[in-house]
Each structure stands twice: as C-alpha cells, then as structure tokens.
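Let us go through this model by asking what each label rests on. Each answer sets a value against its definition.

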Amino acid sequence: MQEITKLVPEDQYFLQFNSMHSMGELMDLGSQWGDSLLRLFRVQAKDQRLEAKLQDQLCLRRGPLTRLFADAVISEVALTGADPFLQEGADLTVILRLRQPDVFQKAADGWLADVRKAHPDMVDAEFNYRGHKVVAHYTADRAVSSFAVRHKDYAIYSNSHRAIRRVIDAAVGVSPNLASA
C-alpha cells in the first residue's frame, strides 16, 4: 500500500494522480459532463463555477500546481473527502507530496496573497492539533475556507475544519486509515 493512503481516513473516497495534467483532465471532464448532466435535473441552468470556487476556497491554483508538478516540486497528488457532492458544499482535501517544500511554500504564499486581494475580509488563524500546526484562512461566507497542515513531506489542504482533523487523526494512527483498511 502506498504511503499517501496512510493520510486518508478509511471511510473516505481517494483519488490519486501521477500528474496534475491527469487530475486536470478529470476536473475538466467532470465540469463538462457533470454540469451538463446536472442541468437536465434542474428547472434553471446555472454554471456552478466549481473549479474557481474550490481554488479560492482552498487558496490553491491549478495552473501553477501543474507547473510545480512538471518542475518536480510536487511528486504526487491525491483528492479525498467524505462525500462526492462538491457542488452542494462537501469537504474536499488535497494531499500533495512535496520534493521541494521551500519552492512550494513560496508559490503557496503568492496564491494566498491573490486570494486575500479578492477577499479582504479573510481571517487568518493557527491552531495546534495532535502536534501539528494547522494554518486556517476563512471568510464568514466560506468563499475562503482553507485549512493547511504539513505532515512529513506532505502539504495537506482542506476546505473543512473537521476534515483536516480527520486526516491528521489518520496520519498519526488515532483513527483507521485507508492503508490499514
């Protein structure tokens, strides 16, 4: 079993990608097909702009992440969550295995600055959970809801306070993880 699965609670979905390109293709397909299929079941058509929403919410950027993956700053990426209903506001956690943490952090600081410009009401906070410093950025309306933590050579971003704690619990062995399931 792969090391990254030790970070995923046993009862969550897990999607692993060997490149940001393949993750992007899945996101594009989901957006093209998912939005279209969902429109069939709604009275009014509406563009959910899910990818843009999640990028701001998590304080991550797909294009720059793709470049960091290509430059070998990131070696692995996975998505996990409790349920797949992202348009309705479900939690999403992004797990990135870092080869060059300093280069990644510099890029992440830039993305955070961009989000702060768009959301000047963003609140910054930190808390300790099971010996891990969790950095939180959020707005009252959850347009920004980013909880980030480092564990070994992983950077973990979640849009849910509860989800980031569950990932840490799985990582430190307090609760069952996917590797042991």
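Q: What pattern does the protein chain follow, read along the sequence?
A: The order is β-α-α-α-β-β-α-β-β-β-β-α. The protein chain holds five helices and seven strands. Helices are DSSP runs of H or I with at least four residues, strands are E runs of at least two, and both are numbered from the N terminus. The model is predicted: local features need pLDDT of at least 70, side-chain atom pairs count only at pLDDT 80 or more, and totals for chains, interfaces and linings use all residues. Residues are numbered from 1 along each chain as its sequence is written, and side-chain values use heavy atoms, with hydrogens and water left out.

Q: Why is Thr80 called buried?
A: Buried means under 20% relative accessible area, exposed means over 50%, and partly exposed lies in between (1.4 Å probe, protein chains only). Thr80 has 0% relative accessibility, so it counts as buried. Thr80 sits in strand β2, residues 74-81. Across the protein chain, buried residues make up 41% of the 181 residues.

Q: What makes the pairing of Thr80 with Tyr13 a polar contact?
A: A polar contact is a pair of N or O atoms within 3.5 Å; within protein, one must be able to donate a hydrogen and the other to accept it, and residues adjacent in sequence count only if both atoms are side-chain atoms. A polar side-chain atom of Thr80 lies 2.5 Å from the backbone oxygen of Tyr13. Contact in general means heavy atoms within 4.5 Å. Leaving aside neighbours within four places in sequence, Thr80 is in contact with Val8, Gln12, Tyr13, Leu92, Thr93 and Ile95.

Q: Is Asn159 buried or exposed, and why?
A: Asn159 counts as buried, because its relative accessibility is 2%. Its place is the loop between β7 and α5. The Asn159 side chain reaches the backbone nitrogen of Leu92 at 2.8 Å. Not counting residues up to four places away in sequence, Asn159 touches residues including Leu54, Leu58, Arg142 and Phe147.

Q: How do you know that Ser160 caps α5?
A: A side-chain oxygen of Ser160 lies 3.3 Å from the backbone nitrogen of Arg162, at the N-terminal end of the helix. Just after α5, Gly173 takes a positive phi of about 85 degrees.

Q: How does the reach of α5 compare with the expected span?
A: The expected span is 1.5 Å times one less than the number of residues. Helix α5 (residues 161-172) has twelve residues and reaches 17 Å from its first C-alpha to its last, close to the expected 16 Å. Its buried residues are Ala163, Ile164, Arg166, Val167, Ile168, Asp169 and Ala170. What covers them includes β3 (93-98), β4 (123-129), β5, β6 and β7.

Q: How far apart are Cys59 and His137?
A: They are 78 residues apart in sequence and 8.4 Å apart in space, C-alpha to C-alpha. Beyond neighbours within four places in sequence, Cys59 is in contact with Trp111, Leu112, Val115, His137, Val144 and Ser146.

Q: What is the volume of the second largest pocket, and which residues are closest to its centre?
A: The volume is about 240 Å³. Of the 16 lining residues, Gln105, Val135, His137, Ala148 and Tyr157 are closest to the centre. On a 1 Å grid over the protein atoms alone, a pocket is an open set of points where a 1.4 Å probe fits, with protein on both sides within 12 Å along at least five of seven lines; lining residues have an atom within 4 Å of a point. Grid points are joined across faces, edges and corners, and the volume is the space filled by probe spheres set on the points.
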